[in-house]
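Here are some exercises to work through with the model open beside you. Try each task before reading its solution.

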Amino acid sequence: MKRRALISVSDKSGVVEFAKALVDLGFEVVSTGGTFRTIKEAGVEVKYVTEITGFPEILDGRVKTLHPKVHGGILARRTPDHLQQLSDNDITPIDVVAVNLYPFRETVAKEGVTFEEAIENIDIGGPAMVRASAKNHGAVTIVVNPERYAAIVAELQEKGEVSDSTRRLLALEAFAHTAEYDSAIASYLKGQCEEKDQAAEESDCGLQIFTAGTVEKVQDLRYGENPHQKAAFYREVGYAGAGAGTAKQLWGKELSFNNLLDLNAALELVREFEEPAVTIIKHNNPCGTAIAATLEEAYVKAFDADPVSAFGGITACNRPVNGATATELVKTFMEAVIAPAYDDEALEILKTKKNLRIMEVGALEGAAPSYDLKKIRGGFLLQEGDYGQVKEEELKVVTERTPSDVELRDLQFAWKVVKHVKSNAIVVAKDGVAIGVGAGQMNRVGSAHIALEQARGTAIGTEKEAAADVGAWSSQGAVLASDAFFPFKDTVEMAAKYGIKAIIQPGGSMRDDESIEACNRLGISMVFTSMRHFKH
């Protein structure tokens, strides 16, 4: 009895040659639809699937291969009992199955595609055959990747069969293929869910779908955080908004694991601002952040806030980069820059730095929310991204002194920056510039000390040349933001010594009264946000 192969593929690369080789090796080839026509027209002997099922295609092709003569032939073990059952039901074993699935992702990516068109491109019979073949890979060779055809034919020619190890490897590839396919469908339907049924999103629909594995591998990375760690970059399937994961590299060396982490941190920070904003990131924390009337001015202020730390940093801009900004940016060594776009002059200037990675993300507005995934050994943690914002009318002044308009603007600026600093986080700001950052300390007053010491000696822009008195450009008159409440009044008392005039923090400590009393005694304004921004 001839061995049987079933071929039904969307990607027809090499399928004629594969079918011909199987026929030459003594296989009977069975096929469906367009694959059948392709093979037949090439002059290769092939049977249409209805010839073995004895049942016509129905429901506009939705039911073609979902038949016991197909799935019985695939799923039967080669045991006497199973083979007898096949014989009793006139079913022939199927030894080779070559299937790849409808191009669902490409279909839904087309402009103007309707929901009905998308649904019709959800393959049912294909995944069923792939999964059945992969389950029974002890007896069946399942091929989902046309690049495998040649190796399979070579094994059959050399040994007369495909080895156990090859069939197991192909089964692994097959299950990965259907998992990726299902994740693409889940991502598409999630988008429809968000557009048409907000209630479903509010019922944790998003979190449940994300856990289905909606990611695809983009590339291997040279290494992880350290050279002895292997690493790879995966992209969230179906996410089309502006983000570090979807950015296009225009120039420079290959991205590293740490580059991608810092690019993401940088872009998410500048996304907070409507004004021209620039941040410089080192080790996932901002060492310089500023807003200004122009992007060039914002960059200069951000760099001057901590020029030592800025060396080798990652810069993000929330506006297209022009020549003037690029001219400033290339004055020092930067690992990468990320922005919505670059004009021709800016690109020409930036490309004078051969190793500078230039990343373009497109418009920042309208990007869909994403998720925050952290791995722990034996599991992972998943949460919604921290997109919480506090409106000015939601701020609560809890002290006798009310912040001035200028201080209030700086408080709001500092609050947006501190959200992107590792906890415990303290940011000191003045005139739209983060002049001191305390990150990741084990106690809050420790972070405050670092931030205030840095702020005390920071020179902002041209003030460093004009100021004769350190007090004119130091922490005197600045504001302070804390990502979480003060457990004790010690941070307030320290801030007063450095001339801080206003503080913003969530509130909610059992000892809030002590901090408020200290502010009143020391002439400091304090504003509560009622929202915490821990970042671990």
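Domain bounds here come from an automatic or database domain assignment. On that basis the protein chain splits into domain 1 (4-189), domain 2 (217-229 + 242-360) and domain 3 (391-528). The model is predicted, so local features need pLDDT of at least 70 and side-chain atom pairs count only at pLDDT 80 or more, while totals for chains, interfaces and linings use all residues. Residues are numbered from 1 along each chain as its sequence is written, and side-chain values use heavy atoms, with hydrogens and water left out.

**Exercise 1.** Describe the contact between domain 2 and domain 3.

Step 1: Start with the distance. The centres of the two domains, taken over C-alpha atoms, are separated by 26 Å.

Step 2: List the residues in contact (heavy atoms within 4.5 Å). Domain 2 contributes 15 residues and domain 3 contributes 20 residues.

Step 3: Turn to buried area, the accessible area (1.4 Å probe) that two parts lose on being put together, summed over both. Between domain 2 and domain 3 this is about 1500 Å², with 56% given by carbon and sulfur atoms. On the domain 2 side, Glu272, Asn285 and Asp304 lose the most area to domain 3, together 32% of what that side buries.

**Exercise 2.** Find the salt bridge between domain 2 and domain 3.

Step 1: Apply the criterion: a side-chain nitrogen of Lys or Arg within 4 Å of a carboxyl oxygen of Asp or Glu.

Step 2: The count between these domains is one. The side chains of Glu272 and Lys419 meet in a salt bridge, at 2.9 Å from N to O.

**Exercise 3.** Which partner does Lys20 have in a salt bridge, and why are the two about one helical turn apart?

Step 1: The partner is Asp24, with the closest N and O atoms 3.2 Å apart.

Step 2: Helices are DSSP runs (H or I, at least four residues) and strands are runs of E (at least two), numbered from the N terminus. Lys20 and Asp24 are four residues apart in helix α1 (residues 15-24), so about one helical turn separates them.

**Exercise 4.** In what order do the five strands of the open sheet lie?

Step 1: Two strands pair if DSSP finds at least two bridges between them.

Step 2: The order is β3-β2-β1-β4-β5, with parallel pairing. The edges are β3 (47-48) and β5 (141-143), each pairing on one side only.

Step 3: Look at one pair. Strands β1 (residues 3-9) and β2 (residues 27-31) run parallel over five bridges, and Ile7 stands opposite Ser31 in β2.
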